[in-house]
Amino acid sequence: MPLLQLLKVDLAVGGPKLLDGVDFTIDPRERVCIVGRNGMGKTTLMRLIAGEIRADDGEVRVSDGVRVAKLDQEVPRGLDGDVFDVVAAALGDIGALVAEYHHLIEHGETDSARFAEVQAQIEARGGWSLDQRVSNLLARLELPSDIAFSSLSGGMKRRVLMARALVVEPDVLLLDEPTNHLDLEAIDALEQSLLGFSGSLIFVTHDRRFLRRLATRIVEIDRGQLTSWPGDYDNYLRRREERLHSEAQANAHFDRKLAEEEVWIRQGIKARRTRNEGRVRALEAMRRERAQRREQQGKVSLAVSQAAPSGKRVVETRDLHFAYGDRVLVDGLTTTIQRGDRVGIVGPNGAGKSTLIRLLLGDLQPTSGEVIRGTNLEVAYFDQHRMALNEDLNALDNVAGGSDSVEINGQRKHIIGYLQDFLFTPERARAPITKLSGGERNRLLLAKLFARPANVIVMDEPTNDLDIETLELLEELLASWPGTLLLVSHDRDFLDAVVSSTLVFEGDGRVREYVGGYSDWLRQRATTDQRKADAPTAPPMATSAPAATTAAPAKRKLSFKDQRELAELPARIEQLETELAALDARMLEPAFYQQPAATITAANNERAAKQAALDVAYARWSELDG
C-alpha cells in the first residue's frame, strides 16, 4: 500500500503551472530522487508533500499513521538554544519538557519543585523513551548536546537539522539538498546512515555520486510533468536523451503539418471550393495545441572572458605555516602551481581550505614561510557565501555595474542577452536578487565571474544549488579552460571530472598533494595505508646490506611468487568489480528494500567487504607494478 499519493495535482506560483495534473506515489522503503532544472519546482513539490503549501487542484493523500518529516535546503531562522533543545523541539510539547529536564539537571536544580513537576509530567506522558531517543540519535550523529546551535558551523547545523528530522521517526523523510555545506567525511556518513534508514526517502540533490548510491527510483520534473525512471542514473540520462529526441521529432512533424494547413487556409478562391469545415476545425485545434506547448528550458551558455596568459609560475609556497593563536591550519606546505594547473582543495569543514586560498591569493600573510606569486595574474573569485553579490542591486547591475553591455573576449554583448545565456528572463534580470532562488544566485555569480577577464579562477563550493545539467556544463567548461583553476569542493564527481591534482588537509595542519582527483586520492591513500600496515611485519634489513641500496631507484626484481600474484591481480580486480556492479544493481531494485532488515544489513556488509578487498587489490597491484 502506498505511503503517500498525489492525484491529478495542479500547482502554479505566479506563472506557468509547476505541476500540471501530476500523479505520484511512494511505497515503503523506496528512495526516490527528484531531478530537474532550477525553477522547475523540485523544492515546491517537496513543500507540497510536506504539507507546507496546498495544491490548486487535485489531492495529496497520506495514509493513516504515516509520519512525514522534512530537512530544509536552508537553515530556518529562529532556532535557538543548545543542540539538545533544537532536536527535542521537533517532538512538540513533550520534547520541550524533556529539554527542560536536561537544563534543570545541568544547573543543579534537581531538588527544586519545578524539577519534580517536570519529572511527573514526563512520566505521565510516557516521555522517557523520547529522552533516550534524542540522546541516542545525538550520539549516533556525533553531535554535542550542550553546545549552542547558533555557534555551530553551517555543516554542523545541517547535521543537527537532520537529527531534528529523524527524531520523529518518520515513515517518509524529505531531504532538500542534504549534502550542501557537508564535508566529504560527513557526506559519506550521511550516505551510510540513509542506506540503513528503515523508512522511505524523497530527496533532491546535485551530488551525482550521492544520487547513484542512494536512489532506487528517479523522478524527473519537467514543464509541469513528472516522469518516473528506474534508479540507474546513467540509464536515466540515456533514456531521457532518447525521449527528448523523440519529442523534438514529433514537434517538428507537427509544426510542418501546421505550416501546410496554414498555407491551405490562406489559399485563394480556387482552393475555397475544396475547403471543408472539418479541416478548418482541425486546424483551429492544432493552433490551440501549438499555443499551449511548453518548450523545454534552454541550456545555460557558459563562456569565460579570458585575460592575457599569466606567467608560467602562478604561485609557489615554501615551508608555508599559518596559525590562529594556538591552532595550526597550515604546517610546512611546499608546492608549486603552474599555468594551466587545475588544483582541487579538499578537507573537513573548518580545516582551513578557504584560509589556504586567501594565503595563496595574498589576502592573508603567513605566520612563517613564503608565498611567491607569479606575474600578470588576473583572478576571478567565486566565494561560497556569494558575498560578491550586492543585495541592494538587481541582477543586471550586479553583473554590468550600471552599464548596458559587457565585453566577452573582445566582443560587446547586451547585458540582457548575456544574462539570457544564464537562463535569466528580462523580468528576472530586473528583479531584486533577494527574490532569486539559491540556484539563480549561483548562476548570477557565475555570470558575474565569467564576465571579468581572468587567467586564474578560484571557486569555493561552486556546485551548491546548481542543477545537474548546469553542473555538467560547468565541468566541461573548466576541464577545457586553458587558465589556472583553484577549486574547493565536496562534490566527488565534480572533482574527478575537473582537477588534475589535489591538496588534501590531513589533520594538524598537514596539507599533502596528490596527483588526480578525488578517486585517485582514495586509491593513493589506500596504498599508503596498506604500506603502513605492512611496515611492522617487514623483515629487518641485514646489517651487511650494501649502503648503496638506498640510492637505487630501479624497479625491484620480483620473486616467482610475487610475479604470479601480479599476473593474477588484473583478473581478481575485474572479478571484484563485476561482483560489486551486480550487487549494486540488486541493491538498486525497489524490491530489495522490502526484505527483512537483517538481509539488507548483510548485503551492505558484503558490499563493504568487497569494496575493501578491491581497494587492497588495487594497492597491491600498484605496489608490485611500481
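Trainee: What share of the residues in the protein chain is buried?
Mentor: In this predicted model, buried residues make up 45% of the 626 residues in the protein chain.

Trainee: How many helices and strands does the protein chain have?
Mentor: The protein chain has 21 helices and 20 strands. Of the contacts with a separation of 6 or more, 67% join residues 24 or more positions apart.

Trainee: Why is K312 called exposed?
Mentor: K312 has a relative accessible area of 58%, and exposed means over 50%, so K312 is exposed.

Trainee: Where does K312 lie, and which residues is K312 in contact with, leaving aside its neighbours within four places in sequence?
Mentor: K312 lies in the loop between helix 11 (277-292) and strand 10 (313-324). With those neighbours left aside, K312 is in contact with Q338 and R339. R339 is 27 residues away along the chain, and the C-alpha atoms of K312 and R339 are separated by 5.0 Å.

Trainee: Which residues of helix 12 are buried?
Mentor: In helix 12 (residues 353-361), the buried residues are K353, T355, L356, I357, L359 and L360. G362 follows helix 12 and has a positive phi, near 90 degrees.

Trainee: What describes the packing of two helices?
Mentor: Two packed helices are described by the angle and the distance between their axes. For helix 3 (residues 93-106) and helix 4 (residues 113-124), the axes come within 10 Å and cross at roughly 145 degrees. Helix 3 passes helix 4 in a left-handed crossing.

Trainee: Which residues meet where helix 3 contacts helix 4?
Mentor: From helix 3 come I94, L97, V98, E100, Y101, L104 and I105. They meet R114, F115, V118, Q119, Q121 and I122 in helix 4. The residues of this contact divide into nine nonpolar, two polar and two charged.

Trainee: What makes a space a cavity, and how many cavities of 30 Å³ or more are there?
Mentor: A space is a cavity because a 1.4 Å probe fits there but cannot get out. By this rule there is one cavity of 30 Å³ or more. The largest cavity holds about 60 Å³ of space.

Trainee: Which residues lie nearest the centre of the largest cavity, and how does its lining divide into nonpolar, polar and charged?
Mentor: The lining has 13 residues, of which T179, H206, N464, H490 and D491 lie nearest the centre. By type, the lining of the largest cavity divides into two nonpolar, eight polar and three charged residues.

Note on methods: Residues numbered from 1 in each chain as written. Predicted model: local features only at pLDDT ≥ 70, side-chain atom pairs only at ≥ 80, totals over all residues. Heavy atoms only, no water. 1 Å grid on protein atoms, 1.4 Å probe; cavity = no way out; pocket = protein on both sides within 12 Å on 5 of 7 lines; lining within 4 Å. Points joined across faces, edges and corners; volume = space filled by probe spheres on them. Nonpolar A, V, L, I, M, F, W, Y, C, P; charged D, E, K, R; others polar. Axes fitted to C-alpha atoms, helices over the stretch in contact; angles between N-to-C directions. Helix = DSSP H or I, 4+ residues; strand = E, 2+ residues; numbered from the N terminus. Left-handed = near helix turned anticlockwise from the far one by under 90°. Contact = heavy atoms within 4.5 Å. Buried < 20%, exposed > 50% of the residue type's maximum accessible area, 1.4 Å probe, protein only.
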